[in-house]
Amino acid sequence: MNTKSAWLQISQSEAVRIAIIAILTALTGELKVLPFADESFRFALGGIVFFLLILIYPPVSMLRTGFITAVTVVVFRVIEEMWFGAGFEESLRMHVPVFLFYFIIATGWHFADLEKYKLFPLRLGALAFLFEVMSNTSEHALRNFLTHESMLAKEWGVLVGVALLRSFFTVGLYSSVALSKEKQRVEEMLGVGAEMYAETMYLQKSMNNIEMITASSHDLYRKLKKEGHTELSTQALLIAQEIHEVKKDSQRILAGLSKWTNREEVTSFYISDLLALVVTANEKYSELIGRDCTIETKVDRDFQTDQHIPLLAVLNNLTSNAVEALEGLGHVKITVEIKDEKVHFRLEDTGKGIPSEHENVIFEPGYTTKFNEQGVAATGIGLSHVAAIIESMNGDIAVERLEAGLAVTVRIPVESIMKET
């Protein structure tokens, strides 16, 4: 894409955004309260909508947005008045002052730099109140000038009161929306972090194997060379060198993953909140793979943990396995309780279970009961991941075949996962 096309695309996007803001503001401006005797001055929903929209979808040019919105609102109201029989000059004199309301607010946020105050609700509300008082006062003063009337102290008091209420109401509404988005972002980041943690654990395990293979290959090279097998020793040395390169690449990847997983913004989570994330993710997953699944959770005693990333990796993996084991309709129950200085996580499902002879091997790398539509087996590394993570927290894991389904119990020492308060 060339520069001209890029600028055209940006300008078109900005034009659409301004058009939406202007039209919605004009339409919602008809939902109004008339505080004074005449019907020319109104407190309308349009002011709230305009402020909320520039907060959620900040325009590139605040001044341009304010000007176009102000003109749109005036034109809309003049046309509406004329439709119901009013004259053009009368309609224009009645509604042209509203131009000041929107343009003054936009000008204020242009010079104040709206983006700087979004994280400070009180400051945001205070400035919004100030700009609204200025814009309302200017609008009312111009209207009184055009109609040769004067502003009463009572009227100005109403302007100030409504400005205060409307400004902080809008800021509160925006803060609720922003908080919801932030919560969603944290959930997404936590889910990604859990997956990355699991991959890091598996890569670390692979690194140990690579180290052993490198050493074995080099030993083989020395033995073959000593015994005079020149061609074979050269091949063994080449293999050792190639494995060494794989090891170095893996070390770089591991270093990058480790830095990322250690830079989580969320420092702790309540177990109940962690389970809520697991339930939400796996309910969506069950729908994706065509299972009619209900997931129930029970927490004996809630507590905070700073091991939320590894725990989420464990619980998500076990729960998704339970969901996959269901045959159409099924149920998964997750319970958490503290016994004997250990936290017990127990997952029960009503799925197809596993054969008794497989109980001792299901946590071995490569074990799987999953096959795709072409009959190709899955990698079988998920449960080995789980076992490695649990082992790193000094815990253990056990399976129990039920009459209908399977139960998996994870036991981790309290001191390994419970955050000190």
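Modeller: A contact means that heavy atoms lie within 4.5 Å, and among contacts in the protein chain between residues at least 6 apart in sequence, 72% join residues at least 24 apart. This is a predicted model, in which local features need pLDDT of at least 70 and side-chain atom pairs count only at pLDDT 80 or more, while totals for chains, interfaces and linings use all residues. Residues are numbered from 1 along each chain as its sequence is written, and side-chain values use heavy atoms, with hydrogens and water left out.

The protein chain has 12 helices and nine strands, where helices (H or I, at least four residues) and strands (E, at least two) are DSSP runs numbered from the N terminus. Of its 421 residues, 40% count as buried, which means under 20% relative accessible area, with exposed set at over 50% and partly exposed in between (1.4 Å probe, protein chains only).

A nonpolar core is a set of buried Ala, Val, Leu, Ile, Met, Phe, Trp, Tyr and Cys residues joined through side-chain atoms within 4.5 Å. The largest such core holds 39 residues, of which Leu311, Leu318, Val332, Phe345, Val410 and Ile417 touch the most other members. Its largest share, eight residues, comes from helix H10 (residues 308-325). Leaving aside residues up to four places away in sequence, Leu318 touches Leu347, Leu383, Val386, Ile397, Val408 and Val410. Apart from this core lies another, of 28 residues, including Leu53, Val74, Ile105 and Ala112. In soluble globular proteins, nonpolar side chains tend to be buried together.

Ile105 and Ala112 are also among the buried residues of H5, which include Phe101, Tyr102 and Trp109 as well. Helix H5 (residues 98-112) has 15 residues and reaches 22 Å from its first C-alpha to its last, close to the 21 Å expected at 1.5 Å a residue, the expected span being 1.5 Å times one less than the number of residues. After H5 comes Asp113, whose phi is positive, near 65 degrees.

Arg143, in helix H6 (residues 121-147), counts as buried because its relative accessibility is 2%, and a polar atom of the Arg143 side chain lies 2.9 Å from the backbone oxygen of Met94. Ser217, found in helix H7 (residues 153-226), counts as buried because its relative accessibility is 10%. Not counting residues up to four places away in sequence, Ser217 touches Ala236, Ile239, Ala240 and Ile243.

How values were computed
A polar contact is a pair of N or O atoms within 3.5 Å; within protein, one must be able to donate a hydrogen and the other to accept it, and residues adjacent in sequence count only if both atoms are side-chain atoms.
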